[in-house]
Amino acid sequence: MDADFLNAFTQPAAVNQFLVENVITPGEKRKLIKPTSSNNPKLEQLKLLLIDWINTTLKEEHIVVKSLEEDLYDGLVLHHLLENLGSLKLDVDKIALTEKKQRQKLSVILEAVAKCLQLEESQLKWSVEAILAKDLLSTLHLLVAIAKHFQPSLAFPPNVHVETITIENTSKGLKTANGVEYITGSKENSEEQSTDDAFDELFSRAPERLDDVKKFADGVILLLLIGHLEGYFLNLRDFFLTPASTTEMLHNVNLALDLLTDGGLLNFSVNSEDIVKGDLKTTMRVLYCLYSKYKAKET
């Protein structure tokens with residue numbers, strides 16, 4: 001198995017720094033860019049491109065943006081940008097001084113963006129609260145979507161991506177998850193090879209490399225891997241660390257599949273008995289659900 005998959009662990013320092021500066025309420029989930037991506041040259045290139053695009057577009061209105069996080073959160077620049085690009089007349093004040101007014105203003109603006117871009121709520125990679133909180137990732141997604149719609153000829157740097165960490169305050173405590181998020185394009189789009197085709201090629205060309213997959217049949221390694229990567233605390237009383245029967249193995253595998261489903265990583269039906277029996281394709285497809293989220297970033 002690819003060693004990069006097993007090395008995709010959460011960085012405690014990033015979590016601690018975030019918790020010092022922010023409060024996560026019960027049930028809330030927040031995603032932030034890891035400090036390791038802050039000096040990403042392609043990310044900096046994208047930020048400079050967007051700043052230059054905004055300043056050029058709003059030059060006649062004497063608006064100058066220097067920081068995407070600090071200058072867009074109150075909705076003023078976004079208001080002018082939409083009116084200039086799309087001739088949209090928004091029924092909100094130009095200047096909102098209080099946080100309540102800014103939240104109301106952003107709500108109207110983002111609703112207009114979603115309607116103009118014909119996006120469903122599930123497709124949105126930003127929110128009023130995220131923009132108001134000066135969240136860079138959400139701000140970048142929003143600006144790229146607006147720019148692609150109104151000025152598709154803008155030459156974005158391709159496949160700009162960042163390392164992210166998602167922190168969720170669950171009933172069982174804080175849950176963290178690492179990830180790689182693409183802002184312009186995606187690695188999958190450039191490769192254009194289906195998962196099934198990749199697995200078929202692997203089985204035909206290098207079957208000897210799949211022996212280690214059989215070690216996941218009892219569910220123990222799979223559970224420990226999910227717990228570590230997804231930030232779950234797994235009580236030893238909840239599963240069998242040394243399963244002695246098929247029933248105990250099935251219990252472990254079913255628990256692992258439930259965790260993957262609850263985490264939104266498993267979107268297809270899996271027969272747990274196939275994994276216990278050592279079916280390689282079934283096991284590989286389950287492992288790929290994790291790998292696709294934690295695969296190594298492009299260098």
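**Charged pairs and their surroundings**

Reply: Let's start with E70 and K134, whose side chains meet in a salt bridge, with N to O at 2.9 Å; the term stands for a side-chain nitrogen of Lys or Arg within 4 Å of a carboxyl oxygen of Asp or Glu. E70 belongs to helix α4 (residues 68-72), while K134 is in the loop between α7 (128-132) and α8 (136-150), so this pair ties together parts that are 64 residues apart in sequence. Helices here are DSSP runs of H or I with at least four residues, strands are runs of E with at least two, and numbering goes from the N terminus.

Before we go on, a word about what you're looking at: this is a predicted model, in which local features need pLDDT of at least 70 and side-chain atom pairs count only at pLDDT 80 or more, while totals for chains, interfaces and linings use all residues. Residues are numbered from 1 along each chain as its sequence is written, and side-chain values use heavy atoms, with hydrogens and water left out.

How open are the two partners to the outside? E70 has a relative accessibility of 43%, so it counts as partly exposed, and K134 gets that label too because its relative accessible area is 32%. The cut-offs are these: buried is under 20% relative accessible area, exposed is over 50%, and partly exposed lies in between (1.4 Å probe, protein chains only).

K134 has another thing going on, in its backbone: its phi is near 65°, a positive value in a residue other than glycine. That stands out because most residues other than glycine have a negative phi. Q118 does this as well, with phi near 55°. You'll find Q118 in the loop between α6 and α7, and at 70% relative accessibility it counts as exposed.

Now back to the charges. A search of the whole structure turns up 5 salt bridges. One of them joins E99 to R103, with the closest N and O atoms 3.1 Å apart. These two sit in helix α6 (residues 99-117), 4 residues apart, which is about one turn of the helix. E99 is partly exposed because its relative accessibility is 49%, and R103, at 28%, counts as partly exposed too.

R103 has a further partner: its side chain meets that of E129 in a salt bridge, N to O at 2.6 Å. This time distant parts of the chain are linked, since R103 is in helix α6 and E129 is in helix α7, 26 residues apart. E129, at 43% relative accessibility, is partly exposed.

N252, in helix α12, has 0% relative accessibility and so counts as buried. Beyond its neighbours within four places in sequence, N252 is in contact (heavy atoms within 4.5 Å) with D218, G219, V220, L223, F239, F240 and P243. S272 lies in helix α13 (residues 272-276) and is buried, with a relative accessible area of 9%. Leaving aside neighbours within four places again, S272 touches L250, V253, N254 and L257.

Finally, zoom out to the chain. It has 14 helices and 3 strands, and 42% of its 299 residues count as buried. Among contacts with a separation of 6 or more, 63% come from residues 24 or more positions apart. The accessible surface (Shrake-Rupley method, 1.4 Å probe; for residues, only the protein chains shown count as cover) comes to about 16800 Å², and carbon and sulfur atoms own 50% of that. So what's the picture to keep?
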